[in-house]
Amino acid sequence: MGVYRDIVTYVNRNVFLSNFLLLPAMYYCLMGIRHIKKWDIEPSQSLTIYLWIWYFMLFLIIIVFCFSMLYHGTMYDRGSHILQIIAKIDYLVTAPLMSLVLVGLWVTYIVFVRKRLKMNCPINDISLEVFGAASLYLVFTFFYYLIKKYRHKGYSTKDVLKKVIYLVGHTFFHYIGHTGITLLALVYLLDNRNIYETFFLKKC
């Protein structure tokens with residue numbers, strides 16, 4: 001059984017390491033915050049609120065990264081019972097919260113584009129194209145999750161082959177999901193000032 005356990009452990013490392021795909025999303029959030037602080041705009045309550053939205057996005061991605069690393073890093077470690085209990089926060093709290101926020105950000109960007117069109121404001125074609133790519137990844141992630149949840153139900157705790165099938169599928173889920181998150185963060189960075197001015201200042 002030692003060899004089989006090693007196989008599962010090594011395959012699980014791919015899930016663990018795929019979380020590093022979130023690093024660019026963290027970077028984009030940091031750049032968004034940095035850009036806001038450099039704007040030549042009079043400080044206001046609306047600007048502070050907008051800045052804290054970016055801080056929240058950064059904090060959420062960081063905790064998703066940390067708890068996912070903890071969860072997958074201890075999933076098959078028999079000596080980490082306490083850490084495994086803490087790691088459950090990943091699929092009980094942080095992952096569902098990230099999903100809700102992503103839906104909110106996705107809908108908000110669509111509303112933003114519609115507002116810009118109604119106000120006859122110019123649209124950033126590049127950010128719109130990146131949003132299309134982000135949407136493709138996120139929608140695919142959603143449907144893949146449903147398929148995976150149905151077809152691989154309980155696989156993570158069954159025999160070695162089913163554990164490997166679960167882990168390979170979950171690695172792919174991370175690849176497409178984290179790529180979608182990163183692309184959506186990039187969209188908000190590219191349209192950072194436009195989003196603030198459209199929603200908070202009601203101008204182009």
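A: A search of the whole structure finds 1 salt bridge, the term standing for a side-chain nitrogen of Lys or Arg within 4 Å of a carboxyl oxygen of Asp or Glu. The model is predicted, so local features need pLDDT of at least 70 and side-chain atom pairs count only at pLDDT 80 or more, while totals for chains, interfaces and linings use all residues. Residues are numbered from 1 along each chain as its sequence is written, and side-chain values use heavy atoms, with hydrogens and water left out.

The salt bridge joins the side chains of Glu 197 and Arg 193, at 3.1 Å from N to O. Side chains of opposite charge can pair when their charged atoms come close. Both residues belong to helix H8 (residues 192-201), and because they are 4 residues apart there, about one helical turn separates them. Helices here are DSSP runs (H or I, at least four residues), as strands are (E, at least two), and they are numbered from the N terminus.

The two partners differ in their cover. Glu 197 counts as buried, at 10% relative accessibility, whereas Arg 193 is partly exposed, with a relative accessible area of 32%. Buried means under 20% relative accessible area, exposed means over 50%, and partly exposed lies in between (1.4 Å probe, protein chains only). Areas come from the Shrake-Rupley method with a 1.4 Å probe, and for residues only the protein chains shown count as cover.

Lys 202 follows H8. Its phi is positive, about 55 degrees, although Lys 202 is not a glycine. This residue is exposed, with a relative accessible area of 57%. Asn 120 also has a positive phi without being a glycine, about 60 degrees in this case. Asn 120 sits in the loop between H5 and H6 and is exposed at 69% relative accessible area.

Lys 202 also takes part in a patch of positive charge on the surface, together with Arg 114, Lys 115 and Lys 118. Patches are made of residues with over 30% relative accessible area and no salt bridge; like charges are joined within 9 Å, and nonpolar side chains (Val, Leu, Ile, Met, Phe, Trp, Tyr) within 5 Å. Lys and Arg count as positive and Asp and Glu as negative, with His and the chain ends not counted; a charge is placed at NZ of Lys, CZ of Arg, CG of Asp or CD of Glu. Arg 114 lies in helix H5 (residues 89-118) and is exposed, with a relative accessible area of 51%.

Another surface patch is nonpolar: Val 139, Phe 142, Phe 143, Tyr 145 and Leu 146 make up about 460 Å². Val 139 is in helix H6 (residues 125-151) and is partly exposed, at 40%.

As for the chain as a whole, there are 8 helices and 0 strands. Of its 204 residues, 42% count as buried. Among contacts (heavy atoms within 4.5 Å) with a separation of 6 or more, 76% are between residues 24 or more positions apart. The chain exposes about 11,900 Å², with 68% of this supplied by carbon and sulfur atoms.
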